[in-house]
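Dear colleague,

I am handing over a structure for you to look at, and I would ask you to open it beside this email and read the two together. My notes on what was found in it come after the structure itself.

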Amino acid sequence: MRILIVGAGGHAQVVADALQCASKAGSIGQPIGYLDDNPTITGELRLGLPVLGTIDRVSAIEHDALVIAIGNNHIRSKLYKQFQQQGESFATVCHPRATIAHNVTLGPGVVIFAGVIVNTGSRIGANTILNTACTIDHHNWIGDHVHIGPGVHLGGDVQIGTGTLVGIGATVMPQRQVGTWSTVGAAALVYYDVPDQVTVIGMPAQISNHYNPKRLSTQ
Ligand SMILES: CC(C)(COP(=O)(O)OP(=O)(O)OC[C@H]1O[C@@H](n2cnc3c(N)ncnc32)[C@H](O)[C@@H]1OP(=O)(O)O)[C@@H](O)C(=O)NCCC(=O)NCCS
């Protein structure tokens with residue numbers, strides 16, 4: 001199966017590496033190259049794979065599935081909906097050194113990096129990133145277009161709403177609910193439930209009034 005990687009930045013290269021490791025370990029998916037909206041990098045090689053052109057070239061390049069390898073949840077979600085309307089298929093990428101329990105549900109386009117552990121009964125929504133060495137305990141419900149950052153720990157029965165970013169090293173206590181399109185700041189401890197569309201920081205995590213929404217847009 002030929003997989004096209006949308007994006008060619010740092011995150012996309014970790015996705016390429018996960019695909020290459022999975023392929024060496026016997027997975028049928030093979031990355032064939034990247035698409036990126038920076039036209040000046042077309043033709044460059046990254047991890048031995050070419051940047052094949054800009055994102056609008058997708059239908060001109062033969063492939064079986066694609067994966068959207070862009071960290072920003074808003075951009076990734078927008079592209080996912082656009083490609084879905086175009087009838088594209090989405091690959092699920094799972095590094096061979098991630099540990100996923102047998103009865104976990106993974107949506108299309110999910111990306112799982114090295115060292116991740118997902119425990120029994122959890123559901124991971126479409127187009128979601130489980131970044132390096134995060135742990136998702138039992139019976140979690142993770143929405144679509146979510147990013148669980150590196151080293152995050154989610155207790156059992158946690159819910160994370162659509163589009164939310166849980167920042168690097170944060171911890172969510174068991175049975176807590178985090179709303180949609182929110183941001184949990186790096187290293188925060190989610191002790192209280194988090195509503196939709198807010199940023200929380202600290203220990204215990206509380207809504208931050210002085211964050212900078214313009215910078216947040218790049219996450
Ligand atoms: C919380 C967050 C979204 C705020 O981003 P921002 O709006 O650009 O915030 P700023 O950097 O302007 O900082 C605003 C204030 O919040 C503080 N702050 C920022 N992040 C914080 C955090 N995680 N915990 C505690 N305080 C934090 C800053 O020190 C600053 O305080 P000051 O005004 O007293 O100096 C961001 O810092 C963060 O933690 N993002 C997570 C990113 C991440 O882990 N991504 C995954 C990548 S793989």
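What follows goes from the whole chain to single residues.

Please keep in mind throughout that this is a predicted model.

The overall picture

The chain is built from three helices and 24 strands, and its C-alpha trace spans about 50 × 40 × 30 Å along the principal axes. For a chain with 219 residues, a compact globule would have a radius of gyration near 17 Å, and the value found here, 17 Å, agrees with that. Buried residues make up 49% of the 219 residues. If you look at the contacts in the chain with a separation of 6 or more, you will find that 29% of them are accounted for by residues 24 or more positions apart.

The cysteines

How many disulfides does the structure hold? The count is zero. For Cys-21 the reason is distance, because its sulfur is 11 Å from the closest cysteine sulfur, which belongs to Cys-94, and that is too far for a bond, given that a disulfide needs two cysteine sulfur atoms within 2.5 Å. Cys-134 is likewise in no disulfide, and the nearest cysteine sulfur, again that of Cys-94, is 11 Å away. Cys-21 counts as buried at 19% relative accessibility, since the cut-off for buried is under 20%, and Cys-134 counts as buried at 0%.

Backbone features to check

As background, most residues other than glycine have a negative phi, and most peptide bonds are trans.

- The peptide bond from Met-203 to Pro-204 is cis, with omega near 0°, and Pro-204 sits in the loop between β23 (199-201) and β24 (206-207).
- Ala-133 has a positive phi, near 60°, and is found in the loop between β12 (129-130) and β13 (135-136); at 35% relative accessibility, Ala-133 counts as partly exposed.
- His-145 also has a positive phi, near 60°, and lies in the loop between β14 (141-142) and β15 (147-148); at 5% relative accessibility, His-145 counts as buried.

Ser-77 itself is placed in helix α2 (residues 73-85) and is buried, with a relative accessible area of 4%.

Phe-113 is found in the loop between β9 (111-112) and β10 (117-118), and is buried as well, with a relative accessible area of 2%. Leaving aside residues up to four places away in sequence, Phe-113 touches several others, among them His-11, Val-14, His-95, Leu-130 and Thr-132. Arg-46 is 67 residues from Phe-113 along the chain, and the C-alpha atoms of the two are separated by 18 Å.

Methods. Residues numbered from 1 in each chain as written. Predicted model: local features only at pLDDT ≥ 70, side-chain atom pairs only at ≥ 80, totals over all residues. Heavy atoms only, no water. Buried < 20%, exposed > 50% of the residue type's maximum accessible area, 1.4 Å probe, protein only. Helix = DSSP H or I, 4+ residues; strand = E, 2+ residues; numbered from the N terminus. Rg over C-alpha atoms; globule rule 2.2 N^0.38 Å. Contact = heavy atoms within 4.5 Å.
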